[in-house]
Amino acid sequence: MTLSWQWLKQYVTVRLTPQQAAERLTLAGLEITDRRVVSDDTRFACEVTPNRPDWLSHFGVARELAAITGSALKGVPAAREVPSVRGPRPTITIKDRKACRRYVGLMIEGVTVGPSPAHLRQRLEAIGVRSLNNVVDVTNFVLHELGQPLHAFNADRLAKGRIVVRRAVAGESLTTIDGVARTLDPSILVIADAERPVAIAGIMGGQATEVTTATTRILLESAWFDPLVTRRASRALGLASDSSYRFERGIDFEQTVVAARRAAAMIIEVAGGHLVGGLVDRRGARPAATKPIMWNPAEAAALGATIPATWQRQRFERLECRVSGSGARWRVTPPSFRADLNRPADLLEELARLWGYDRLPSTLPRPDPLLAAVGSPEGSAPWVRPLRVRECELRDLLIAAGLDETLTYSLISPAELQRLPWTDPVLSLRNPLSQDRRVLRPTLVVGALETVARNLNRRAPGVAVFELGRTYHGTDGSPEERRRLIVALAGLRPSSWDAKPGPWDVFHAKGILDTLSERLIGKPLSWNPITPNVAVGAGAAGAPPIPRSPMPY
């Protein structure tokens, strides 16, 4: 995302240079990856994390800057209700109430579509957005100002003046404003009139209802579309836009009306015309209400710094949270645009960001109260200690044996399982991001082999690794997670003061497993010789057969 420093300063009063502001925002989690001077302005390039869609606008970043610095936040101008004249109101019907939970429509008549005034063009050009015409420029301006996508339809091209939010019918098609004819299916949410689709909801409008210089009546849309439905449609069509980027991450349900009024006031200012019939606000299934989080100010001590309760309350309120209660019991209710705040740990992270990670002292980690409660391995029966404690001991023992811990993907390719081979049922994703990562791993072997191959291919003399992770079994109707350990030894052992490098062998693996067994369950393993099966056809031409253990992975 791109920001303009001069535009940001329209909403917040700060005494910072652009460089200082960039540093403060980056330390607070909004990474400024590039900063450059363009004309008399400074342009920021930002990396916004997926859980913070409220940062995808100038006002959202200004709100964050105000919270960080304690500066005054200015209100968005002209977000008031726009006067209207009598006339027919837009007819809006929502058929898919979950995929579209709110649709706001405004009818504006008597507009004159043409070039935008200089101040509007300059704002958009400052962030690299090309000016098109005064009506479309206003929708783009509000999108980058408030983070709410908008769309303007040529109302004269809407059959019977109707708007219907529905799923596409198989075989329907729509030519979008980029001139491409796109075939639709029922997984795609569309905006239709009385006869045909006129826009792909949340992504792009249709060419037939595009605003042109001949347009005099527009229907302005401000809506809330489901992130998952928008994301699936965008990928199915291979079509993305500034609007879909925001809808996919989730927008503020409560901001649709504010953005519609803001845009209507600006359109009337720069293109003339008047609002007819007032604002129409249709609602589908309402999102779950924001729940308060119970907070004890003393919990901030976990950060290692002394943060006064009054400071905590002020910062929560600057984030537009509602704070009630006193003493050790506060009720902190996040605003509608902060869906990422759900539990006390989230509030603790907010305090760390606003206090400043660079101001937190370096301290030794506190003893784990659970570990202290159960005692040492000698003080309690190993098999009655909690799983987390035993896993910590397991990791310590393996690291002490000279192994490195690895973390590999939980999603793997079916082709990798066939090479083992693997014949048991597997769990597959219905909508994988990649065909190479569409099966939940039923074994840790695939990741271990990838790690060994990657290291040996890069001329590492030897590999000694372990992974403690989950595997996934069963069918879609009865999935099951299991905790598994894998140890992989390959190549040469590292040298030491009393031994030269030598190859890893089965006796080294046996020694490691015996040690783990004695420490964790209090007795050694029993070992029986077996005749390994042979995987037929798994080796290259002329290569010896590859032994395969009959033991389950």
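**Labels and the values behind them**

By the ring-pairing rule, the count comes to six aromatic pairs. This is a predicted model, in which local features need pLDDT of at least 70 and side-chain atom pairs count only at pLDDT 80 or more, while totals for chains, interfaces and linings use all residues. Residues are numbered from 1 along each chain as its sequence is written, and side-chain values use heavy atoms, with hydrogens and water left out.

Q: Why are Trp 5 and Phe 44 called an edge-to-face aromatic pair?
A: Rings of Phe, Tyr and Trp (its six-membered ring) pair if their centres lie within 6.5 Å; planes under 30 degrees apart count as stacked, over 60 as edge-to-face and the rest as tilted. Trp 5 and Phe 44 have 6.0 Å centre to centre and 70° between the planes, which makes the pair edge-to-face.

Q: What makes the pair of Trp 5 and Phe 44 a tie between parts of the chain?
A: Trp 5 belongs to helix H1 (residues 5-8) and Phe 44 to strand E3 (residues 41-47), so the pair links parts 39 residues apart in sequence. Helices (H or I, at least four residues) and strands (E, at least two) are DSSP runs, numbered from the N terminus.

Q: How do you know whether helices H3 and H5 are roughly parallel or roughly antiparallel?
A: Axes are lines fitted to C-alpha atoms, for helices over the stretch in contact, and angles run from 0 to 180 degrees between N-to-C directions. Angles under 35 degrees count as roughly parallel, over 145 as roughly antiparallel, 65 to 115 as roughly perpendicular and the rest as oblique. The axes of H3 (residues 58-69) and H5 (residues 134-146) cross at roughly 20° and come within 4 Å. H3 and H5 are therefore roughly parallel to each other.

Q: What describes the packing of H5 and H8, and is the crossing left-handed or right-handed?
A: H5 and helix H8 (residues 256-271) pack at about 145°, with axes 9 Å apart. A crossing is left-handed if the near helix is turned anticlockwise from the far one by less than a right angle, and right-handed if clockwise. H5 passes H8 in a right-handed crossing. Their contact has 12 nonpolar, one polar and two charged residues.

Q: What describes the packing of H12 and H15?
A: Helix H12 (residues 387-400) and helix H15 (residues 506-520) pack at about 145°, with axes 11 Å apart. The crossing of H12 past H15 is right-handed. Contact residues include Arg 390 and Leu 394 of H12 and Ile 512 and Arg 519 of H15. By class there are six nonpolar, no polar and three charged residues.

Q: How do you know that E17 and E18 pair?
A: Two strands pair if DSSP finds at least two bridges between them. Five bridges join E17 to E18 (residues 329-333), and the two run antiparallel. Ser 326 has Arg 329 as its bridge partner, and Val 323 has Val 332. The two strands form a hairpin with two residues between them, where Gly 327 has a positive phi of about 60°.

Q: What makes E16 and E17 edge strands?
A: The open sheet has the order E16-E18-E17, with antiparallel pairing. Strand E16 (293-295) and strand E17 (322-326) each pair on one side only.

Q: How many bridges join E11 to E12, and E12 to E13?
A: Three antiparallel bridges join strand E11 (residues 189-192) to strand E12 (residues 197-200), with a hairpin of four residues between E11 and E12. Two bridges join E12 to strand E13 (residues 204-205), again antiparallel.

Key. Ala, Val, Leu, Ile, Met, Phe, Trp, Tyr, Cys and Pro count as nonpolar, Asp, Glu, Lys and Arg as charged, and the others, Gly among them, as polar. Contact means heavy atoms within 4.5 Å.
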